[in-house]
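Subject: Structure handover

Hello,

Here is the structure we talked about. Please look it over, then read the notes below.

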Amino acid sequence: MAKMTLPFGPQHPVLPEPIHLSLTVEDEIVTQAIPALGYVHRGLEKLVDIRDFNQMVQIVERVCGICSKIHAMCYVQGLEELMKVDVPPRAKYLRVMWSELHRIHSHLLWLGLFADAFGMESLFMQCWRIREKIMDINEATTGARVIVSVNVVGGLRCDVDDTQTRWILSELDEVEREVRRLESTFVNDYTIKKRTCGIGVLSAEKALELGAAGPTLRGSGVAQDMRQLKYAAFDSIDFEPVTALDGDSYSRMKVRYYETLQSIDLVRQAIAKMPDGDIAVKVKGRPEGEILSRVEQPRGELFYYIKGNGTKYLDRVRIRTPTFANIPPLAAMLPGIELADVPIVVLSIDPCISCTER
Amino acid sequence: MAKMTANILRNFFAKRATRLYPIEVRPPFENSRGELYNDIDQCIFCGACALKCPSQCITVDKDQATWFCDPLACVYCGVCVEACPVHCLHQKTTYRPVCVTRETIFQKGVLKEKPKKKAKVVAEG
Ligand code: SF4
Ligand code: SF4
């Protein structure tokens, strides 16, 4: 059959976010994929001109509707380093706790969406049902389900007490039990393997060369995780990146599945090691100078560049989200696969387009 | 097959995973950040809330003693509640009910005799 160019997206049933891929297909085999972005640009970075650096915390949280806490954490950690603020240790542990809770719910959300993409509706509902427990923890401890708004420059806005930590731990036990019950399905199920094994392969060399990030990179066998930088309280928490070796959609799914379990353990460690004390310090002065801040988001490395000029308005905030790093690898994975597998591969990088375009 | 039967039996006797929503409502958590309201009798119209609000949806007029908030622009972050020096701003634990027209909150209070201002003058003098 002759060559044909097919549009994939910007509106596609497999993902609610607008990314357009121009696919060249030959006999239902994709030969080329050209991504196009720019459908949901919101201009959040530009708001630094009219919002002061404290108000920007609430704005950067809204970059992503899933890992809001981690965006804010990356931003305030950058500012704290710039302004030489020493955050109390308790705040660091709480930041780890909430960021890992965000990772758990983000991965469960993705596992559900992925299950839905290969047609397992019931598995999708199971994942989202389990996720609801994490959302409840978020709401009970911070006051909101997703945009938790706990970070401020200099620490946190709310604390958890002993009754709450006990409740969190008991809820997490249940979450772990239920996630483990899905293990045999996610890891061993024949249908899932058939749909994902060997689809969208990305070799380790290629992943590094194209600058992949997060589970997309670790699914290719590269043990690189920004949590190894030991930001917040990660310096005293045992942590080993989860990897899988094959570099296909199945590996990426496996990495995310096991990271969910790992994050449950990290929350437990953070709670166990959390010292008593203050949760915030008063910040004086204005940010001046420039700084880079990096943290690990559920989708990979998140990167903030912040430039202050000594006034309350910053000069520049540049946000690079992991999906932006994962789009070139995606374009490299697509050629050679069947058209019917494109949704699976696109979803396997866990695209978050709204945060990429900010 | 045996596994499937066990699963079916478990689901058969398990509690419902969903609620019959409008009839059965989950009680809100104690510190949920919901609807914002101003106890206008205590407000001193200092404007701290308007200054701190990240979405800049509050307007305070000191001379007219009015406090205005656009709840559709409010993001319920609670920054204003923390910023208020007299703690007259509060957040309910429930969300605002759905509305069909663009409602705003406009409240008019009375200007207080400010002992604070006098104190300031003394301090300055
Ligand atoms: S809750 Fe936040 S967005 Fe809403 S009025 Fe207060 S400061 Fe502004
Ligand atoms: S901060 Fe409180 S007292 Fe001041 S204007 Fe706002 S609501 Fe009134």
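Lys133(A) is buried, at a relative accessible area of 18%. Here buried means under 20% relative accessible area, exposed means over 50%, and partly exposed lies in between, with a 1.4 Å probe and protein chains only. The model is predicted: local features need pLDDT of at least 70, side-chain atom pairs count only at pLDDT 80 or more, and totals for chains, interfaces and linings use all residues. Residues are numbered from 1 along each chain as its sequence is written, chains are lettered from A and ligands numbered from 1 in the order in which they are written, and side-chain values use heavy atoms, with hydrogens and water left out.

**Salt bridges within chain A**

Lys133(A) forms a salt bridge with Glu174(A), and the closest N and O atoms are 3.5 Å apart. A salt bridge is a side-chain nitrogen of Lys or Arg within 4 Å of a carboxyl oxygen of Asp or Glu. This pair links distant parts of the chain: Glu174(A) is in helix 5 of chain A, Lys133(A) is in helix 4 of chain A, and they are 41 residues apart. Helices (H or I, at least four residues) and strands (E, at least two) are DSSP runs, numbered from the N terminus. Glu174(A) is partly exposed, at 30% relative accessibility.

Lys133(A) also meets Glu178(A) in a salt bridge, at 4.0 Å from N to O. Again the pair links distant parts: Lys133(A) sits in helix 4 of chain A and Glu178(A) in helix 5 of chain A, 45 residues apart. Glu178(A) counts as buried, at 16% relative accessibility.

Another salt bridge joins the side chains of Glu45(A) and Arg316(A), with 3.2 Å from N to O. Which parts does this pair tie together? Glu45(A) lies in the loop between strand 3 (29-36) and helix 1 of chain A, and Arg316(A) lies in strand 8 (residues 314-320) of chain A, so the pair ties together parts that are 271 residues apart in sequence. Glu45(A) is buried, with a relative accessible area of 11%. Arg316(A) is partly exposed, at 35%.

Salt bridges link Glu100(A), Arg103(A), Arg218(A), Asp225(A), Arg227(A), Glu259(A) and Glu296(A). Over all chains, the structure holds 29 salt bridges.

**Where chain A meets chain B**

On chain A, 21 residues are in contact with 21 residues of chain B. Contact means heavy atoms within 4.5 Å. The area buried between the two chains is about 1,600 Å², and carbon and sulfur atoms give 35% of it. Buried area is the accessible area (1.4 Å probe) that two parts lose on being put together, summed over both. In chain A, the residues that lose the most area to chain B are Gln55(A), Glu139(A) and Arg157(A), together 32% of what that side buries.

Three salt bridges are counted between chain A and chain B. One of them pairs Arg157(A) with Glu82(B), whose closest N and O atoms are 3.0 Å apart.

Helix 1 (55-61), helix 4 (121-142) and helix 5 (162-181) of chain A each supply at least two residues of the side that touches chain B. The largest share of that side, six residues, comes from helix 4 of chain A.

**Cysteines**

The count of disulfides over all chains is zero. A disulfide is a pair of cysteine sulfur atoms within 2.5 Å. Cys74(A) is buried, with a relative accessible area of 0%. Cys74(B) also counts as buried, at 15%.

**Backbone**

Most residues other than glycine have a negative phi. Lys84(A) has a positive phi of about 55°, although it is not a glycine. Lys84(A) lies in the loop between helix 2 (68-82) and helix 3 (89-117) of chain A. Is Lys84(A) buried or exposed? Lys84(A) is exposed, with a relative accessible area of 73%.

Ala232(A) has a positive phi as well, near 45°. Ala232(A) is in the loop between helix 9 (215-218) and helix 10 (249-273) of chain A. At 13% relative accessibility, Ala232(A) counts as buried.

Best wishes
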